[in-house]
Amino acid sequence: MIRRIVALVFMAVFIASCGSSRRAGKIVTKNTEAVSIIKKHYAEEANYKTASGKLRAVYQDDEKTQSVNLSFRMEKDKAIWMSASILGFPVAKVYITPNSVSYYEKVTQSYFDGDFRLVSDFLGTPLDFQKLQNLLIGQAIYDLRTEEYDFTQSPRGFQFVQEEEADMKKMFLLDSRTLKAAAQQLAQVSENRSLTVTYSDYQVVDGIVFPEEIRIIANEGGSSTNIEITYRSISFNEEVSFPFDIPSGYEEISLK
């Protein structure tokens with residue numbers, strides 16, 4: 001089950017990586033109100049060095065529903081680490097940095113140890129650590145400063161929409177109160193593939209606004225896969241480590 005969660009996360013970043021990757025600079029959108037909202041969104045980005053705690057992930061596809069408890073640790077812009085357990089027994093670990101992707105599962109005694117380049121070659125598009133981190137902390141997956149968006153305001157919040165010629169549609173909804181992401185949607189129409197991420201609530205811990213619940217819905221063809229993530233506890237700026245050693249005798253998962 002943890003492998004399915006990892007696969008869905010890769011799919012999320014895969015879809016998010018199918019468009020522009022220009023670096024942030026001057027805000028491209030010309031609407032003055034939109035520019036102000038974009039600036040506030042980045043000013044409100046969670047300001048922490050490390051984060052750690054517990055979360056619960058519920059996975060559902062067309063065939064089954066499963067849940068898993070995870071311990072997580074993050075060092076901003078540097079590392080994401082998760083350890084999964086079922087009924088109190090550890091079953092898998094994931095360790096992701098901007099340059100590496102590592103994972104092992106005890107039930108199948110299998111592992112993957114490579115980098116985003118290898119996964120990118122397998123999927124046919126570049127992956128990006130930053131987009132994954134943004135998804136988990138409630139920031140816009142894409143950098144809103146680098147492209148022109150159609151901007152509207154409604155009781156739901158501030159909405160940014162763009163439909164690229166390259167068949168990619170992007171929608172970002174920012175909460176009018178927190179200026180954090182309320183919903184994000186990316187779609188490749190010709191591939192009949194879409195990703196929707198919604199944030200049902202945020203929590204404030206030590207003055208830092210952080211997601212409380214995240215729902216990820218991935219649709220591809222006629223199938224749908226959902227993951228609901230609930231941060232059950234969280235603390236910031238404590239010393240963290242990222243223990244990760246692939247047990248001997250495990251079989252490597254090949255992406256070639």
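## Close-up views of a predicted model

View 1. Strand β11 (residues 193-205) runs antiparallel to strand β12 (residues 208-220), and twelve bridges pair them; two strands are said to pair if DSSP finds at least two bridges between them, and strands themselves are DSSP runs of E with at least two residues, while helices are runs of H or I with at least four residues, numbered from the N terminus. The model is a predicted one, in which local features need pLDDT of at least 70 and side-chain atom pairs count only at pLDDT 80 or more, whereas totals for chains, interfaces and linings use all residues. Residues are numbered from 1 along each chain as its sequence is written, and side-chain values use heavy atoms, with hydrogens and water left out. Asp-201 has Glu-213 of β12 as its bridge partner, and in the hairpin of β11 and β12, with two residues between the strands, Asp-206 adopts a positive phi near 55°. β12 also pairs with strand β13 (residues 223-236), again in the antiparallel sense, over eight bridges, and Ala-218 stands opposite Thr-225 in β13. In the hairpin of β12 and β13, which likewise has two residues between the strands, the residue with a positive phi near 65° is Gly-221.

View 2. The structure holds 15 aromatic pairs, where rings of Phe, Tyr and Trp (its six-membered ring) pair if their centres lie within 6.5 Å, and planes under 30 degrees apart count as stacked, over 60 as edge-to-face and the rest as tilted. The rings of Phe-151 and Phe-158 are stacked, because their centres are 6.2 Å apart and their planes meet at 10°. Phe-151 is buried at a relative accessible area of 15%, and Phe-158 is buried at 7%; buried means under 20% relative accessible area, exposed over 50%, and partly exposed in between (1.4 Å probe, protein chains only). Tyr-199 and Tyr-202 also form a stacked pair, since their ring centres are 6.0 Å apart and their planes are at 20°, and both of these tyrosines are buried. One aromatic cluster is formed by Tyr-142, Tyr-149, Phe-151, Phe-158, Phe-160 and Phe-172.

**View 3. Phe-160 and the nonpolar cores.** The largest nonpolar core has 61 residues, of which Tyr-48, Leu-144, Phe-160 and Phe-172 touch the most other members; such a core is a set of buried Ala, Val, Leu, Ile, Met, Phe, Trp, Tyr and Cys residues joined through side-chain atoms within 4.5 Å. A second, separate core of five residues includes Met-171, Leu-173, Ala-182 and Ala-183.

**View 4. The surroundings of Gln-162.** Gln-162 belongs to strand β8 (residues 157-163) and counts as buried, because its relative accessibility is 11%. A polar atom of the Gln-162 side chain lies 2.9 Å from the backbone oxygen of Glu-148. Leaving aside residues up to four places away in sequence, Gln-162 touches Glu-147, Glu-148, Tyr-149, Met-168, Lys-169 and Lys-170, contact meaning heavy atoms within 4.5 Å.

View 5. Asn-134 is found in helix α4 (residues 129-137) and is buried, with a relative accessibility of 8%. The C-alpha atoms of Asn-134 and Asp-77 are separated by 9.8 Å, although these residues are 57 residues apart along the chain.

Conventions: Polar contact = N/O pair within 3.5 Å; in protein donor to acceptor, adjacent residues only side chain to side chain.
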